Amino acid sequence: MKLSEIGEFGFIDRFSGKFSALNKNEEYGIGDDCAIMSLDDQYNQIVTTDLLIEDIHFLRSAITPFDLGYKALAVNLSDIAAMGGTPTASFLSIALPAETEVEYMDQVMEGYRSLSEKYQVPLLGGDTTKSPDKIVINVCVTGKVKKGKEKLRSAADNDDCICVTGPLGDSAGGLKMLLDGISPDEMTKNLISWHNRPEPAINEGIWLGNQKGVNAMMDISDGIASDLKHILDMSGKGAIVHLEDIPLSPALQSTLKNKEQDVLKLALTGGEDYRLLVTVRNEDFEELEKEYNHQFLTSLTRVGKITAENAGEIRWMKENKPFTLDKEGFNHFSE
Ligand code: ADP
Ligand code: MG
């Protein structure tokens with residue numbers, strides 16, 4: 001059997017259960033944005049790791065080395081944010097072809113440092129080795145979160161509002177512009193910069209993690225169509241999502257000349273937005289929304305609700321009529 005037949009998650013499912021018996025008390029993983037281990041009486045330690053490979057996750061010609069370094073750390077910080085955690089340290093392993101310019105890597109490290117400084121995350125170690133022809137970057141980030149405050153994918157409850165912390169599809173719109181060679185204008189250049197230098201929602205995640213009524217949380221790395229399914233599977237719930245409520249930036253709509261199908265497809269199945277996907281108890285939503293929008297630049301937007309029925313399924317609605325999606329979120333190995 002080929003990996004492409006079962007996909008990334010099918011592969012992980014084949015072995016993850018066989019390791020869970022080794023988990024000690026208060027250890028949790030595989031399956032959420034971060035693993036959880038007890039740190040002390042008050043805090044849990046959380047850990048995440050992500051891998052970037054040249055020509056799969058980035059094209060050297062389409063991203064500056066500064067942004068590459070920034071993004072390699074950002075995608076990991078995003079998983080810490082998704083748990084409601086505070087990052088504490090990072091580890092960086094890189095494999096490089098021997099002919100890589102030193103000045104190129106200096107810039108990669110400058111981007112990595114600039115984001116490390118922003119959130120005061122020290123780089124405490126890693127590994128450097130030779131690669132035959134591609135750059136490979138693996139980052140591991142640790143964080144901490146007050147015991148009981150960690151936000152799990154499995155915590156969604158019936159009638160929770162499903163919310164996102166910003167417009168969807170911008171990163172995929174930026175990638176499309178890069179691949180199609182569309183020159184950016186004043187408005188659409190933000191799509192490319194969101195794709196190349198996404199901002200992890202650290203402060204938003206910490207804030208949300210401390211609010212009443214916030215149940216499940218994760219970051220949107222593969223597109224909401226695929227990522228919301230993880231919350232549904234792990235919580236044993238279903239969902240209804242209203243397509244007219246999906247937040248879309250004017251820049252994305254302008255790049256795609258307002259073609260509704262194309263815009264929606266990128267917003268639902270495009271990867272790498274790194275917005276947070278949150279489920280909030282219905283009765284707490286309005287208050288939370290008001291407070292959130294007062295604190296942060298982007299708005300918290302309700303896009304649907306969690307249901308007891310149709311476990312594991314998203315029912316897409318458009319103007320209250322059912323709507324079928326032709327392709328689910330980005331999934332490595334599957335077509
Ligand atoms: P994320 O998008 O939040 O980084 P993924 O969807 O990539 O998470 O991974 C899902 C879960 O599977 C995570 O808990 C991750 O740690 C785990 N995982 C992925 N690959 C492996 C692997 N090779 N070995 C062990 N755990 C893995
Ligand atoms: Mg994640």
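**Note on Arg275 and the magnesium site**

1. Arg275 sits in the loop that joins helix H9 (260-269) to strand E9 (276-280); helices (H or I, at least four residues) and strands (E, at least two) are DSSP runs numbered from the N terminus. The model is predicted: local features need pLDDT of at least 70, side-chain atom pairs count only at pLDDT 80 or more, and totals for chains, interfaces and linings use all residues. Residues are numbered from 1 along each chain as its sequence is written, chains are lettered from A and ligands numbered from 1 in the order written, and side-chain values use heavy atoms, without hydrogens and water.

2. Arg275 is buried but has no salt bridge, and the nearest side chain of opposite charge, Asp170, is 4.4 Å away. Buried means under 20% relative accessible area (1.4 Å probe, protein chains only); a salt bridge needs a side-chain nitrogen of Lys or Arg within 4 Å of a carboxyl oxygen of Asp or Glu. Lys and Arg count as positive, Asp and Glu as negative; His and the chain ends are not counted.

3. The Arg275 side chain reaches the backbone oxygen of Pro167 at 3.2 Å. Beyond its neighbours within four places in sequence, Arg275 is in contact (heavy atoms within 4.5 Å) with residues including Trp194, Asp219 and Thr298.

4. Asp219 (OD) also coordinates the magnesium ion (ligand 2), together with Asp33 (OD) and Asp79 (OD), at 2.0 to 2.1 Å. Donors are N, O and S atoms within 2.8 Å of the metal (3.2 Å for Na, K and Ca); water is not among the atoms, so sites may look incomplete.

5. Both Asp33 and Asp79 are buried. Buried residues make up 48% of the 335 residues in the protein chain.

Terms used. Buried < 20%, exposed > 50% of the residue type's maximum accessible area, 1.4 Å probe, protein only. Polar contact = N/O pair within 3.5 Å; in protein donor to acceptor, adjacent residues only side chain to side chain.
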